[in-house]
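Thanks for asking me to look this one over. Here are my notes, in the order in which I would read the model.

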Amino acid sequence: MSGIGPPEPGEGTRAWESRREEDAPAPLAARYARRRRIAAALAAAAVLLSGGGYLYATRPQQPTAHARRPYPQVPYPAQVVDLTYLDARPAPAGAPPHSFSFAVLVSVASGPPVTVTRVIQPYAGLSVTTDPPAPFRIRVDSARKITITMHVTECGKAPRNAGLPFLDVTLRNTRAIQEQSFIPGPHYAQDLSHALEVACSNRNR
Amino acid sequence: MRQRSLIAITAALAAGALTLTACGSRDSGDKGSDSGNGGGSTVVIGVDSPLTGDLSAMGLGIKNSADLAVQKANKQKFVKGVTFKIEALDDQAQPSAGQQNASKLVSEQEVLGVVGPLNSSVAESMQKVFDDAKLVEVSPANTGPALTQGQDWQNKKVRPYKAYFRTATTDAIQGPFAAQYVFNTAKKKKVFVIDDKKTYGSGLAATFTEEFKKLGGKVVGTEHINPDAKDFSAVATKVKNSGAQVVYYGGEYPQAGPLSKQIKAAGAKIPLVGGDGIKDDTFMKLAGAEATGDLATSVGAPVEDLPSAKQFVSDYKAAGYKEDYSAYGGYAYDSAWAIIEAVKKVVDANGGKLPSDARAKVTEAMQNVSFDGVTGKVSFDEYGDATNKQLTVYAVKNGAWVPVKSGTYTG
């Protein structure tokens with residue numbers, strides 16, 4: 001509804017009726033009647049003021065910038081988390097053969113801390129672990145460097161040349177749990193392809 | 001006399017209270033786009049989109065959303081001494097009409113920025129006209145990568161026009177995003193690819209196909225359709241006979257809807273997948289009940305995830321526009337607001353007045369515009385592309401587009 005019509009009469013606007021009463025003659029007890037009229041007029045004024053004030057305070061209006069957010073709303077975690085690809089890393093000691101690692105930086109732009117509950121990738125033939133292991137927590141303005149280690153379980157099902165590979169990250173804050181796909185871009189794609197070529201080359205099998 | 005005076009005071013107070021109330025109610029529902037600043041300069045923001053024809057649902061959503069931004073700027077007196085107006089022109093989704101509109105807007109000195117167009121093919125015909133006049137253009141909907149990164153964008157990115165910006169994500173991301181979803185999540189390995197031969201449709205189909213093949217998927221057939229056609233039965237039969245598990249369509253909803261319907265009618269009960277060009281409610285009306293399970297990627301996060309977008313939706317409804325804001329409403333609002341922000345920068349830097357070379361200055365200022373918009377943080381990279389690159393996969397469920405996966409490009 002955008003059109004606002006004339007304001008409805010609020011409580012107390014019936015005071016106009018007392019004006020009609022005033023027109024009626026009161027030859028007897030004029031003194032008391034006069035006092036009653038004065039009292040009635042003052043009461044009517046008070047009621048009208050309060051009624052008008054109520055109407056004014058509750059008038060329809062465009063919300064102001066502040067009124068739009070009557071309370072600070074916690075943002076959805078996917079809207080405040082950023083994941084930036086850093087570089088390829090050697091696989092950690094003790095990792096199974098055909099493993100390789102990458103470093104990413106995860107940060108939270110605003111709102112309460114966000115917990116990363118899971119990091120996966122969607123391709124068959126690859127499994128993923130992280131250091132620190134999920135779940136881990138990230139606070140505003142304290143980005144964390146995460147090492148992602150991938151293990152090739154089946155070379156035939158691993159994408160050797162994906163253009164924009166994903167990392168699927170499950171995020172949780174006090175507002176919601178969401179799974180968000182992060183697409184770290186061409187450097188990640190190149191490093192992933194290279195690592196898969198190396199891991200799945202004949203000499204490494 | 002005394003009681004009469006009191007009654008008169010009472011009446012005056014009542015009238016005052018009611019007048020105060022009535023005044024307070026006027027500030028909603030004013031749909032004028034040029035109210036508020038009285039005096040000072042007038043800045044016109046041109047809008048170019050299809051206001052008639054098959055794609056008018058999206059085009060009118062763009063026009064109304066740009067108007068909403070202008071209303072807000074005027075109401076807030078966001079740029080002191082400047083009153084904004086929009087001038088909306090209909091390009092009918094035709095490049096030639098778009099070019100004529102571009103020339104008209106360039107010829108009007110009060111125009112300091114343009115929101116639009118919808119179609120990448122139309123944008124191609126307008127870019128040079130605007131660039132020669134140093135008139136900034138911010139598209140809310142163009143996704144063709146070449147518009148910002150040059151024809152050879154896959155090998156070497158070169159920005160062709162400094163006056164062109166966009167708030168939408170490009171097909172260089174949208175196509176691969178769809179391919180990843182179809183292959184990995186939907187587990188479809190055989191696709192039939194169809195496009196409408198237009199800049200947007202064929203470009204999007206190409207980026208999808210490339211990524212789908214890289215992932216190990218197989219393209220079992222390809223076809224091009226005529227955008228003016230309504231009978232796709234021959235193509236539908238080919239799809240049925242191909243053994244495809246999914247159809248990818250590069251194009252827009254006026255053709256995608258009937259295509260989906262006719263493919264299912266031919267006996268191929270497989271989903272049709274498209275890009276932002278099919279993500280309009282008209283698609284479901286055209287495709288019918290069997291569209292359930294069809295998919296579309298679209299630029300941006302789902303509206304319900306963005307508090308800023310919720311406010312936009314609420315304001316849009318309150319403004320009383322007849323048409324829906326459609327797929328690009330939020331982006332059109334942000335495009336218009338980006339122009340308003342750029343004008344503000346220029347005016348503030350020039351002692352509160354527009355300089356004589358305002359167009360060039362506004363175009364220059366656009367490069368560094370940054371604000372929290374309806375669709376998130378709005379700013380532009382060195383090519384004029386939006387830095388905010390979010391995408392969402394939607395599926396048709398119960399006759400509506402429902403988000404099923406969201407992604408963020410952070411490269």
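This is a predicted model: local features need pLDDT of at least 70, side-chain atom pairs count only at pLDDT 80 or more; totals for chains, interfaces and linings use all residues.

1. Let me start with the overall form of chain B. The C-alpha trace of chain B spans about 95 × 50 × 35 Å along its principal axes.

2. Next, what chain B is built from. There are 13 helices and 14 strands in chain B, and 57% of its 411 residues count as buried. If we take the contacts in chain B between residues at least 6 apart in sequence, 75% of them join residues at least 24 apart.

3. Of its 9 residues, 7 are buried, so the strand is mostly covered, going by the cut-off of 20 or more other C-beta atoms within 10 Å. Which strands pair with β1(B)? One is strand β2 (residues 82-90) of chain B, which runs parallel to β1(B) and is joined to it by 9 bridges. Another is strand β3 (residues 111-115) of chain B, also paired in the parallel sense, over 4 bridges.

4. B:Gly46 has B:Glu87 in β2(B) as its bridge partner, while B:Ile45 is partnered by B:Gly113 in β3(B). Helix α2 (residues 56-76) of chain B belongs in this picture too: with β1(B) and β2(B) it makes a right-handed β-α-β unit.

5. B:Ile45 also turns up in the largest nonpolar core. That core has 159 residues, and those touching the most other members are B:Ile45, B:Ala66, B:Val247, B:Ala336 and B:Val343. Helix α12 (residues 329-349) of chain B gives the most to this core, with 12 residues. Beyond four places in sequence, B:Val343 is in contact with B:Val43, B:Val79, B:Val82, B:Leu112 and B:Val362.

6. Chain A calls for some care. Its pLDDT averages 76, and 63% of its residues score at least 70. Confidence in chain A is highest in strand β5 (residues 136-138), at a mean of 97, and lowest in helix α1 (residues 15-23), at 39. Over residues 1-26 of chain A the pLDDT is below 50, although the model gives this stretch 36 contacts beyond near neighbours in sequence. Residues 51-71 of chain A also stay under 50, with 31 contacts beyond four places in sequence.

Technical notes: Residues are numbered from 1 along each chain as its sequence is written. Chains are lettered from A and ligands numbered from 1 in the order in which they are written. pLDDT is the predictor's confidence in each residue, from 0 to 100. Helices (H or I, at least four residues) and strands (E, at least two) are DSSP runs, numbered from the N terminus. Two residues are in contact if their C-beta atoms, placed from the backbone, lie within 7 Å. A residue is buried if 20 or more other C-beta atoms lie within 10 Å of its own, exposed if 12 or fewer, and partly exposed in between; C-beta atoms are placed from the backbone. Two strands pair if DSSP finds at least two bridges between them. A crossover is right-handed if, with the strands pointing away from the viewer, the path from the first strand over the helix to the second runs clockwise. A nonpolar core is a set of buried Ala, Val, Leu, Ile, Met, Phe, Trp, Tyr and Cys residues joined through C-beta atoms within 7 Å.
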